[in-house]
Protein chains: 2
Amino acid sequence: MQDRCVAINQATTRGQWNLTQAVYGYARHGVRAIGVWREDLHACGVAATRELLKHHDMQVSSLSFGGLFTALDEQTRRDTFDDNRRAIDDARAIGARCLVVIAGGLPPSSKDIAGARRMVEDGLAELLPHAHAAGVMLALEPLHPMLASGRSCIVTLGEANDLCEKLGEGLGVVVDSFHQWWDPTLEQEISRASARILAVQVSDWLPLSSAQERGMIGDGVIDVGNICRCVSEAGYRGPYEVEIISASDWWQRDPDEVVATAMQRIACV
Amino acid sequence: MQDRCVAINQATTRGQWNLTQAVYGYARHGVRAIGVWREDLHACGVAATRELLKHHDMQVSSLSFGGLFTALDEQTRRDTFDDNRRAIDDARAIGARCLVVIAGGLPPSSKDIAGARRMVEDGLAELLPHAHAAGVMLALEPLHPMLASGRSCIVTLGEANDLCEKLGEGLGVVVDSFHQWWDPTLEQEISRASARILAVQVSDWLPLSSAQERGMIGDGVIDVGNICRCVSEAGYRGPYEVEIISASDWWQRDPDEVVATAMQRIACV
């Protein structure tokens with residue numbers, strides 16, 4: 001991994017470092033790219049963030065997130081669309097490589113996952129021209145099937161690839177080891193995604209993993225190195241973004257230790 | 001659903017009714033088939049169970065379970081093979097429609113899910129002649145991807161269908177709403193499975209579901225009726241087995257209420 005660019009996603013030091021502290025902190029450890037969250041961006045201010053990033057020569061590997069297309073009522077859909085337009089503006093303002101898009105789960109009281117998936121396709125189709133006009137790439141991230149009802153009805157890279165082929169230019173995918181490692185078609189879908197891979201996020205799966213407890217690279221069962229190799233063989237040359245969401249463990253530790261550990265671990269896969 | 005045979009899996013009344021009580025209790029509610037677990041079968045005794053089932057004219061929709069093929073050391077593999085032989089004997093002794101087979105997760109310290117999957121294929125290939133000789137069908141059950149590391153590296157019906165096509169006669173699949181509802185290829189894989197569907201298990205996915213907390217049919221987000229229709233259209237004519245694993249809710253209630261509720265709910269999907 002030593003020839004590849006490593007990024008740290010802000011979620012990795014959540015609750016300890018705000019965006020300013022994260023940029024300073026990551027830079028101190030030689031990190032050259034950061035995955036930013038919109039709430040932190042807004043707390044810091046867009047103009048101030050631009051200065052901060054420029055001063056540290058720090059790239060933005062991804063901006064989290066837009067999407068959430070699955071609403072039954074028109075008003076919610078309009079509000080979401082407007083917010084997604086602002087998310088695109090945010091991504092452009094800080095020069096993010098991509099805006100991460102999370103599909104959305106099932107609407108309240110719905111049992112219609114196929115219908116939810118159609119809403120995602122419609123929502124993406126509506127948003128893409130605006131993203132294209134802004135020069136922002138949308139990166140659809142399939143989440144783990146345990147999040148299918150609450151967060152993302154799109155759960156496989158295969159589905160995301162299908163949507164990219166249907167909807168055309170401007171839409172790509174996120175490969176995330178935690179969300180996708182279990183998929184028997186993962187390697188072939190990474191290869192199929194090829195130039196559509198806009199971001200790669202890595203963390204590990206622990207025996208007691210939940211959506212809110214992800215493992216440090218190397219502490220779990222995921223062959224992170226193999227996934228990174230597949231992505232590289234598929235032509236991906238962008239940053240590998242460490243994203244450790246871990247309320248009970250890593251978020252309790254000294255963020256400098258967390259970042260140093262992440263950098264060591266990813267160098268070894 | 002009223003023209004279809006309903007079964008209750010013993011797990012639904014776990015901790016409250018032993019096997020004898022379950023057979024009596026289910027029969028009282030008009031249930032004509034039961035999903036049996038091996039530990040309960042052994043506690044009751046095979047001969048006594050046969051008598052009990054015969055007396056109540058109760059079919060065995062499934063016996064849980066054999067499998068767990070993913071071990072790195074030869075001794076564990078031999079022990080597992082021997083136990084699987086005994087599981088086949090158990091299934092034959094009580095006339096079970098099938099022996100449910102759970103693949104097994106990753107071996108200790110392993111990150112090689114592809115290797116684990118090869119072990120499952122090898123283990124099934126070794127076991128199938130014995131199952132065939134005993135006249136027992138093996139029903140491979142893909143579990144939810146959140147169980148991929150701990151319990152089953154086989155997580156999609158597509159993979160299970162692939163294995164059936166490779167390994168040939170004697171091997172089929174379990175369709176389980178809880179484990180498989182999220183899969184965008186589910187309908188096509190049910191159709192592909194067709195006569196290979198040996199058992200259908202139903203429960204629901206709740207917002208806070210984990211492997212140990214499954215919802216009563218109708219309380220969650222799964223369109224159970226649609227899955228049952230797909231299975232029926234694929235040619236399945238066997239029992240629909242309710243399996244509510246629910247330590248925090250349904251296992252705390254009066255089992256008569258649980259069974260009555262399950263019967264009402266499945267009649268409505």
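In which helix of chain B is B:Asn84 found? The points below take up that residue and then the rest of this predicted model.

1. B:Asn84 is found in helix H4 of chain B, which covers residues 74-93. The residue counts as buried because its relative accessibility is 3%, and a polar atom of its side chain lies 2.7 Å from the backbone nitrogen of B:Gly67.

2. On the relation of the two chains, chain A can be laid on chain B by a turn of 180° with a shift of 0.0 Å along the axis, and the RMSD is then 0.0 Å. That is the relation of a two-fold axis. The same surface serves both copies, in that 100% of the contact residues of chain A recur in chain B.

3. The interface itself brings 24 residues of chain A into contact with 24 residues of chain B. The area buried between the two chains is about 1,800 Å², and carbon and sulfur atoms give 65% of that area. Of the area that chain A buries against chain B, A:Lys111, A:Trp181 and A:Trp182 supply 31%, which is more than any other three residues supply.

4. As to polar and charged pairs across the interface of chain A and chain B, the rule finds two salt bridges and six residue pairs in polar contact, with both residues of a pair at pLDDT 80 or more. The side of chain A that touches chain B has, by class, twelve nonpolar, six polar and six charged residues.

5. Within chain A, helix H1 spans residues 19-28, and A:Leu19, A:Ala22, A:Val23, A:Gly25 and A:Tyr26 are buried in it. The cover over the buried residues of H1(A) includes strand E1 (6-9) and strand E2 (33-37), together with helices H2 (38-44), H3 (46-55) and H10 (255-268) of chain A. At the start of this helix a side-chain oxygen of A:Asn18 reaches to within 3.1 Å of the backbone nitrogen of A:Thr20, and just after the helix A:Gly30 takes a positive phi of about 85°.

6. Over all chains the count of salt bridges by this rule comes to 41. In one of them the side chains of A:Asp90 and A:Arg38 meet at 2.9 Å, N to O. This pair links distant parts of the chain, since A:Asp90 is in helix H4 (residues 74-93) and A:Arg38 in helix H2 of chain A, 52 residues apart. Both A:Asp90 and A:Arg38 are buried.

7. Another salt bridge of chain A is formed by A:Arg192 with A:Asp162, where the closest N and O atoms are 2.6 Å apart. Here too distant parts of the chain are linked, A:Arg192 being in helix H8 (residues 186-193) and A:Asp162 in helix H6 of chain A, 30 residues apart. A:Arg192 counts as partly exposed at 28% relative accessibility, and A:Asp162 counts as partly exposed at 41%.

8. In chain B, the side chains of B:Arg192 and B:Glu189 meet in a salt bridge at 2.8 Å, N to O. The two residues are separated by about one helical turn because they are three residues apart in helix H8 (residues 186-193) of chain B. B:Arg192 is partly exposed, with a relative accessible area of 27%, whereas B:Glu189 counts as buried at 10%. In chain A, salt bridges that share partners join A:Asp162, A:Glu165, A:Glu189, A:Arg192 and A:Arg196 into one network.

9. Helix H6 of chain A, residues 157-167, also holds A:Leu163, which is buried with a relative accessible area of 8%. Leaving aside neighbours within four places in sequence, A:Leu163 is in contact with A:Val120, A:Glu121, A:Leu124, A:Leu140, A:Ile154 and A:Leu171. Between A:Leu163 and A:Arg117 the C-alpha to C-alpha distance is 9.9 Å, while the two residues are 46 residues apart in sequence.

Key: Residues numbered from 1 in each chain as written. Chains lettered and ligands numbered in written order. Predicted model: local features only at pLDDT ≥ 70, side-chain atom pairs only at ≥ 80, totals over all residues. Heavy atoms only, no water. Contact = heavy atoms within 4.5 Å. Buried area = accessible area lost by both parts, 1.4 Å probe. Salt bridge = Lys/Arg side-chain N within 4 Å of Asp/Glu carboxyl O. Polar contact = N/O pair within 3.5 Å; in protein donor to acceptor, adjacent residues only side chain to side chain. Nonpolar A, V, L, I, M, F, W, Y, C, P; charged D, E, K, R; others polar. Buried < 20%, exposed > 50% of the residue type's maximum accessible area, 1.4 Å probe, protein only. Helix = DSSP H or I, 4+ residues; strand = E, 2+ residues; numbered from the N terminus. Least-squares fit on C-alpha atoms with pLDDT ≥ 70 in both.
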